Amino acid sequence: MGVHELSRQDARRIAVRAQLLARDRPADLLGLVRHLTLLQADQTAAVAPSADLVAWSRLGSSYSPADLAAALRDRTLVELHGLIRPAEDMALYTAEMAEWPGSGPLPDWRESTLTWIEANDKCRLDILDRLGSDGPQRTRDLPDTCTVPWRSTGWTNNRNVSVLMGFMVRRGEVAMAGWRGRDRIWDLAERVYPDDPMVPADQARRIRAERWLRAVGIVRKAGPEVEPSDERRVGEPAVVEGVRGEWRVDPAQLGQPFSGRVALLSPLDRLVFDRKRMTELFDFDYQLEMYKPAAKRRWGYWALPILQGDRLVGKLDAAADRTSGMLRVNAIHEDVPFSPTVAAAVRREIRALADWLDLDPRLPAKLS
């Protein structure tokens, strides 16, 4: 097998097409999530929650957030570690859950974690008993009978139940069962995940890596891992003109035709989530600025990257004002001046976003 030589445009088009952001839209939510492998369940809703924005940017007006809520309610989709996945994919994680925390020598921090869990085993059993007898519960409603408090220099300090629940998820004992407002609801994993045969861990890691590469199209060989045990041995080797390092590419994406469109992306969209890959392939300057003081923001609290064909061309600073019933557009930041055709397509997409949100678009006079 040789090394594929790609131009940056080739690489960008592979990435856009793999993320289902080309002109031809996918047909339905479940098929979309099966292809993407995940939706990030971030609750920030300056415009709309990220999972809904990601789905809308692919499916368009046919998508309703009620579809995602229904899929989570009927367990067609499930949430694991803040990522929404097809329920059938849980068979690719249960072997690692059964083996947690893993075999062989453990690092000191993990040994201390196990010591803490063992010291609070009664609390773990109390939580399982409460869920078993009373059904799904909020974290705050579960008993904290820990005898050794969790110590941290961060925000988890003394949050005993929250921390313990996280480890119980990794062990496959409990699972996210939904939301009540902004509160997570927990249940026994056996009542949330399907009872499918466990896929052996090594085979599961390989399948997950292959599906992930299919979803993103092209990755840096030494790039950040999206999830634990992600592998970089799948796909075929490639180099990208003008970009250092070796890449891995999904061979099914090579030589495919490309027809693009304008799309407004969530700041957490997987096309831009790997900021280094985004910079190298798209030459796009972008940061999520919600944690910056307002005076230091260049593009806005929750600015949406603007995709046009195979280029990221700007950012949309907008906010959903439910009280007034408006989608307020504060600015459209153009990385390069938009042509009249691109400007009109961006405005159409903004109006489509407002219609989907059932809001009235409010653009500054010079943009309308």
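Guide: L39 stands opposite I84 in β4. This pair belongs to strand β2 (residues 39-40) and strand β4 (residues 83-86), which run antiparallel and are joined by 2 bridges. Strands here are DSSP runs of E with at least two residues, helices are runs of H or I with at least four, and both are numbered from the N terminus; two strands pair if DSSP finds at least two bridges between them. The model is predicted, so that local features need pLDDT of at least 70 and side-chain atom pairs count only at pLDDT 80 or more, while totals for chains, interfaces and linings use all residues. Residues are numbered from 1 along each chain as its sequence is written, and side-chain values use heavy atoms, with hydrogens and water left out.

Strand β4 also has a partner in β3 (residues 77-80), to which 4 bridges join it in an antiparallel arrangement. L80 stands opposite L83 in β4. The two strands β3 and β4 form a hairpin with 2 residues between them, and H81 in the turn has a positive phi of about 55 degrees.

The helices come next. The axes of α2 (residues 29-36) and α3 (residues 50-59) come within 11 Å and cross at roughly 105 degrees; axes are lines fitted to C-alpha atoms, for helices over the stretch in contact, and angles run from 0 to 180 degrees between N-to-C directions. The helices α2 and α3 are therefore roughly perpendicular to each other, a term for angles of 65 to 115 degrees. In α2, L29, L32 and L36 meet V54, A55, R58 and L59 of α3, where contact means heavy atoms within 4.5 Å. By class, this contact of α2 with α3 has 6 nonpolar, no polar and 1 charged residues.

The largest cavity holds about 80 Å³ of space. A cavity is a set of points on a 1 Å grid over the protein atoms alone where a 1.4 Å probe fits but cannot get out, and lining residues have an atom within 4 Å of a point. Among the residues of its lining are L36, L39, V54 and R58. Both β2 and α3 supply at least two residues of this lining, and the largest share, 3 residues, comes from α3. The lining divides into 5 nonpolar, 3 polar and 2 charged residues.

Terms used: Angles under 35 degrees count as roughly parallel, over 145 as roughly antiparallel, 65 to 115 as roughly perpendicular and the rest as oblique. Ala, Val, Leu, Ile, Met, Phe, Trp, Tyr, Cys and Pro count as nonpolar, Asp, Glu, Lys and Arg as charged, and the others, Gly among them, as polar. On a 1 Å grid over the protein atoms alone, a cavity is a set of points where a 1.4 Å probe fits but cannot get out, and a pocket is an open set with protein on both sides within 12 Å along at least five of seven lines; lining residues have an atom within 4 Å of a point. Grid points are joined across faces, edges and corners, and a volume is the space filled by probe spheres set on the points.
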